[in-house]
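Please view the sequence and the model together while reading the points below.

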Amino acid sequence: MLDSGFQVLTAIIFLPIVACVCLFFIERPSTVRVFTLIVSIIELILMKPLLNFQFNTTEFQFVERVAWMPRWGLEYYLGVDGISILMVWLTVAVLPLCVLCSWTYIEKRVKEFHFCLLFMTSACLGVFCALDFTLFYVFWEAMLVPMYLLIAVWGGPNRSYASIKFILYTLAGSTVLLVALIAFRIVGGTFSIPELMTKSFSFRFQFWTFLAMTLAFAIKVPMFPFHTWLPAAHVEAPTAGSVVLASILLKMGTYGFLRFCLPLTPVASEYFAPMMIAISIASIIYGGAVALGQDDMKKIIAYSSVGHMGFVTLGIFLFNQRGVEGALFQMLNHGITTGALFMMVGTIYERSHSRQVLDNLGIAKYMPAYIGFFGLFAFSSFGFPATNSFVGELLVLVGAFQANLWIGAAIIPGVLLAATYMLRLAQKLSWGEPSSFKQGWKDLNFREWVYLFIPAVFVLYIGLAPGLFFKTMDTSIAGLISDFKAKTSAYAIETQKAKSSLAVAGIEDPLDELKN
Amino acid sequence: MTPAKEIVESVAVTYPVIITLIAPFLVYAFRKDPNKREAVSFIAAMATFLCVLSMAPEVLAGRILKYTVFTIMPGITVSFSADGLSMIFGMVSSFLWFIATSYNIGYMRGLKEHAQTRYYVCFAVAILGAQGVSFASNVFTLYLFYEIITVFTYPLVAHHQDEEAYSGARKYLVYLVGTSKVFLLPAMVLTYILCGTLDYHLGDMTKGMYPSDANGLLVTVTYALFIAGIAKAAIMPFHNWLPSAMVAPTPVSALLHAVAVVKAGVFCICRVILSGFGLDTMDRLGLGLPTAYIAAFTIVAASIIAITKDDLKARLAYSTVSQLSYVVLGVTMLTPIAVQGGMLHIANHAFSKITLFFTAGAIYVATHTKSISQMKGYGWRMPWTFGAFGIAALSMIGVPPVCGFVSKWYMVNGAVTIHQMPLLIALLASTILNVGYFVPVLYTAFFKSPDPGSHVEQYSEAPATMVVPLFFTAIVSVLLGLYPEAVTQFIKIFGGM
């Protein structure tokens with residue numbers, strides 16, 4: 001494993017926590033904002049060593065490994081590979097945007113709000129960097145509390161319902177994840193994820209641990225039918241909450257699939273793949289269809305998330321290079337585009353104090369720059385060519401059609417639905433009789449330009465020249481898939497052998513019972 | 001067939017796209033001063049046309065200019081190339097943009113239309129789309145600009161922002177986005193899976209990009225998806241958006257729904273057949289004739305519907321549906337002479353049909369009349385306008401020496417060569433039907449006496465900014481009939497004929 005002198009991952013995980021402590025000593029809200037913004041920029045600067053990431057290895061890099069509680073075999077074990085590093089960059093990049101888009105939006109308890117944001121960033125970075133299962137779980141749980149608070153304290157009128165629903169759903173998922181974690185420790189003898197990856201487990205064990213982990217991850221993604229917490233949480237959350245939720249939190253579920261399900265339970269993953277693909281397709285179609293019927297802008301985008309994340313899970317469970325690449329691209333793209341769309345809703349909400357589409361008709365005339373950005377992000381959202389989502393969507397489609405023509409054909413309606421609801425929304429916002437225009441409304445100010453311009457650059461950059469991202473992820477994904485194929489084919493040979501010997505002895509295969 | 005052509009790396013092929021990309025921003029920047037704003041359109045159109053024209057010597061020397069701008073992933077790039085086929089559409093669309101800008105000024109200012117900046121911006125973006133489509137070097141670039149056209153012509157169709165405009169524009173979007181997402185996108189994905197690349201096979205229209213050992217059924221499905229996905233070509237049953245799009249201001253119907261948008265559609269079909277599948281694959285899988293029959297049906301059916309329409313623009317719309325299928329029919333007959341006729345018709349129809357729409361708009365600006373039955377006696381009040389209408393109508397019918405005759409000649413020749421009598425009958429029937437729906441317009445205008453109390457004498461020609469362009473395009477129609485070589489030299493170099 002490649003090591004580096006400077007403990008960069010520890011530094012980026014703990015800087016926000018240190019900053020949280022400093023916040024206690026700052027009184028004025030404006031200072032709090034500036035301070036958090038500066039911290040978020042320092043965080044970005046601290047990421048510089050990560051630019052030395054080696055593209056041509058599947059090994060974990062920037063590894064830090066210290067014994068934590070040796071008695072129980074717990075370790076403080078961090079590292080990144082081509083899959084997680086993209087998520088780490090996304091997390092760090094989203095923080096300053098969240099601060100900027102909350103600048104005037106958040107008026108009460110400013111200090112506590114920024115405390116939650118910073119704490120959340122630490123926890124999310126921890127999730128993506130942890131290579132020890134328990135450490136992963138600690139960060140996974142740590143992020144629930146600030147998210148709960150973001151919704152419950154700074155949310156809309158129905159915030160207590162939404163926040164409780166959020167925490168109940170995700171806690172239910174994490175509880176079974178804990179069971180899986182302990183099971184891996186008992187059977188595998190270690191919490192270290194890279195070491196667990198080298199072991200092979202019995203089918204029965206994989207069967208149950210896969211189900212347990214999948215429940216946790218599927219709730220987080222969220223996959224249909226575990227998605228109902230998401231629209232509620234999004235609608236009630238403040239803008240920054242929605243952005244963090246959409247850009248980072250949802251990715252943890254799909255990251256979990258890639259980090260745990262495929263490498264640790266490959267046979268069960270393959271066994272359950274048809275179910276996972278079916279659920280993914282259901283998510284894509286259902287998310288799109290429901291989004292089409294919404295009148296609340298945040299709800300439209302929330303349901304569109306369900307559909308987009310369906311593409312991600314679909315790509316993962318196709319088990320081919322293009323599919324998984326597409327999935328990872330979609331994770332990144334969804335983070336950029338949907339995050340930006342939520343910021344756009346926040347921007348207009350600050351003016352019209354309504355998220356209803358009908359209250360925001362015909363604003364193109366007064367806010368051309370706003371509509372320009374909105375158009376770009378909306379187009380990106382439905383996979384317009386030359387924008388980022390198109391790359392991801394195309395890869396998933398190629399993967400799907402390669403795997404099976406019918407899977408490919410099944411998601412086409414989802415693609416169409418995405419175009420329909422986004423064009424409908426963009427059309428209503430830019431056209432029609434202005435419903436809420438008031439004298440004194442201004443087009444985007446400098447701060448708004450900044451936080452919308454940055455994702456806009458990435459929309460076009462990834463859409464037109466995604467070479468760097470391919471380079472980053474390709475080796476890791478190829479490693480993941482070849483490892484997966486090796487394990488599943490080894491298992492298939494073993495089962496074949498066992499079956500033939502059982503058949504000679506005239507005994508029925510106990511696995512058949514389980515499989516049937 | 002000539003040997004494979006030399007492919008030359010040249011950034012010049014991106015200039016028309018770059019100019020049309022910058023133009024909308026400049027138009028918007030000059031929104032406060034209408035004269036400067038329209039001057040930008042004029043200058044950009046002329047610059048684009050000259051850039052396209054400057055590539056002509058290279059292309060005629062048998063070279064293909066190519067340039068890759070962005071690489072998305074191996075085999076999927078944003079790249080442009082100029083060969084004979086792209087030159088035809090590139091020249092026609094940029095030249096007519098120049099003419100249409102003059103006409104636009106007369107029409108939009110004459111009717112005091114609202115939101116003119118939005119209108120000119122979208123107009124320029126639509127031309128960007130047309131230039132991008134014509135110089136696209138692979139299916140991805142084609143798809144990108146095809147979609148740009150769709151999205152940015154929506155505001156033009158819905159320009160009047162009333163109930164009728166919205167419902168027409170909705171239909172427009174549903175048809176075009178629906179087909180492109182449901183058919184064209186999977187077609188592109190399947191092509192990528194089958195070929196490993198989306199780059200056209202340029203330089204030889206007999207060979208395509210699909211490997212000869214590819215699954216025949218899958219290639220056939222891909223072909224069907226392409227034909228269904230390119231709804232801009234308005235082949236039945238995906239034609240209905242075009243008559244609905246006629247709610248747009250007339251210059252939009254003229255340049256976009258007679259030239260840029262619909263020609264982008266038939267151009268895409270030509271491209272996909274000639275540089276994507278290749279005549280050999282088309283022939284081997286027997287894909288040509290079924291498509292030719294659908295096109296022939298569209299030609300006849302749309303002509304019959306056109307006769308029943310009293311609204312001049314609706315009649316012209318159905319005439320467009322019918323004439324677009326001429327191009328498709330020519331190309332899918334898969335014999336060099338018919339293919340030549342099909343491609344030639346892209347240019348010929350463009351000049352004649354834009355003339356017809358221009359006259360419809362001029363009549364509307366001068367008299368506020370849309371119905372043919374109300375145009376009694378107008379001919380004598382607006383002789384230049386109706387004169388131009390007559391010339392263009394002769395071209396549509398296929399009377400020499402106007403240009404429509406030339407392309408029809410090639411196609412009839414092709415139908416005879418491949419011994420397809422039904423296709424020949426369709427071509428001839430359409431000629432008669434064309435007479436059936438164009439001549440009554442002229443007859444009403446010139447020979448029917450005005451209704452009492454209609455006060456025809458109050459009408460006169462529309463502003464010169466409108467009448468000059470429309471008469472000019474009519475003259476070009478005649479010139480193209482007399483000197484078809486201007487276009488056919490590009491076709492010959494493209495097809496190696």
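**Where the two chains meet**

In this predicted model, 21 residues of chain A are in contact with 21 residues of chain B. On the side of chain A that touches chain B, at least two residues each come from helix H16 (388-403), helix H17 (405-430) and helix H19 (467-505) of chain A. That side of chain A comprises 18 nonpolar and 3 polar residues, with no charged ones.

**Chain A as a whole**

- Chain A contains 20 helices and 2 strands.
- The radius of gyration of chain A is 23 Å, close to the 24 Å given by the globule rule for 516 residues, so chain A is as compact as a globular protein of that length.
- The C-alpha trace of chain A spans about 85 × 50 × 45 Å along its principal axes.
- Of the 516 residues in chain A, 56% are buried.
- When contacts in chain A between residues at least 6 apart in sequence are considered, 81% of them join residues at least 24 apart.

**The annotated region of chain B**

- An unreviewed UniProt entry places the feature "domain: NADH:quinone oxidoreductase/Mrp antiporter transmembrane" at residues 136-431 of chain B.
- Over residues 136-431, chain B is 75% helix and 0% strand, and the end C-alpha atoms of this stretch are 34 Å apart.

- B:Tyr175 belongs to helix H7 (residues 163-195) of chain B.
- B:Tyr175 counts as buried because 21 other C-beta atoms lie within 10 Å, the cut-off being 20 or more.
- Apart from neighbours within four places in sequence, B:Tyr175 is in contact with B:Ala231, B:Phe238, B:Asn240 and B:Trp241.
- B:Tyr175 and B:Leu242 are separated by 67 residues in sequence, while their C-alpha atoms are 9.5 Å apart in space.

**The sheet of chain B**

- Chain B has an open sheet of 3 strands in the order S1-S2-S3, with mixed pairing.
- Strand S1 (6-9) and strand S3 (76-82) of chain B stand at the edges; each has a single partner strand, so one side of each has no neighbour in the sheet.
- On average, and with direction ignored, neighbouring strands of this sheet are turned by 35° against each other.
- Strand S2 (residues 63-73) of chain B pairs with S3(B) in the antiparallel sense over 7 bridges.
- The bridge partner of B:Thr68 in S3(B) is B:Ser79.

**Backbone features in loops**

- The peptide bond from A:Phe224 to A:Pro225 is cis, with omega near 5°; A:Pro225 is placed in the loop between helix H9 (203-220) and helix H10 (229-236) of chain A.
- In chain B, the peptide bond from B:Pro400 to B:Pro401 is cis, with omega near 5°, and B:Pro401 is found in the loop between helix H15 (383-397) and helix H16 (404-417).
- A:Phe319 is not a glycine, yet has a positive phi of about 55°. A:Phe319 lies in the loop between helix H13 (297-316) and helix H14 (321-352) of chain A, and counts as buried because it has 20 C-beta neighbours inside 10 Å.
- B:His419, although not a glycine, has a positive phi of about 55°. B:His419 lies in the loop between H16 and helix H17 (421-447) of chain B, and is exposed, with 8 other C-beta atoms within 10 Å.

Definitions and conventions. Residues are numbered from 1 along each chain as its sequence is written. Chains are lettered from A and ligands numbered from 1 in the order in which they are written. This is a predicted model: local features need pLDDT of at least 70, side-chain atom pairs count only at pLDDT 80 or more; totals for chains, interfaces and linings use all residues. Two residues are in contact if their C-beta atoms, placed from the backbone, lie within 7 Å. Helices (H or I, at least four residues) and strands (E, at least two) are DSSP runs, numbered from the N terminus. Ala, Val, Leu, Ile, Met, Phe, Trp, Tyr, Cys and Pro count as nonpolar, Asp, Glu, Lys and Arg as charged, and the others, Gly among them, as polar. UniProt positions are given in the numbering used here, feature names are shortened, and annotations may be inferred rather than shown by experiment. A residue is buried if 20 or more other C-beta atoms lie within 10 Å of its own, exposed if 12 or fewer, and partly exposed in between; C-beta atoms are placed from the backbone. Two strands pair if DSSP finds at least two bridges between them. Axes are lines fitted to C-alpha atoms, for helices over the stretch in contact, and angles run from 0 to 180 degrees between N-to-C directions. The radius of gyration is taken over C-alpha atoms; the globule rule is 2.2 Å times the number of residues to the power 0.38.
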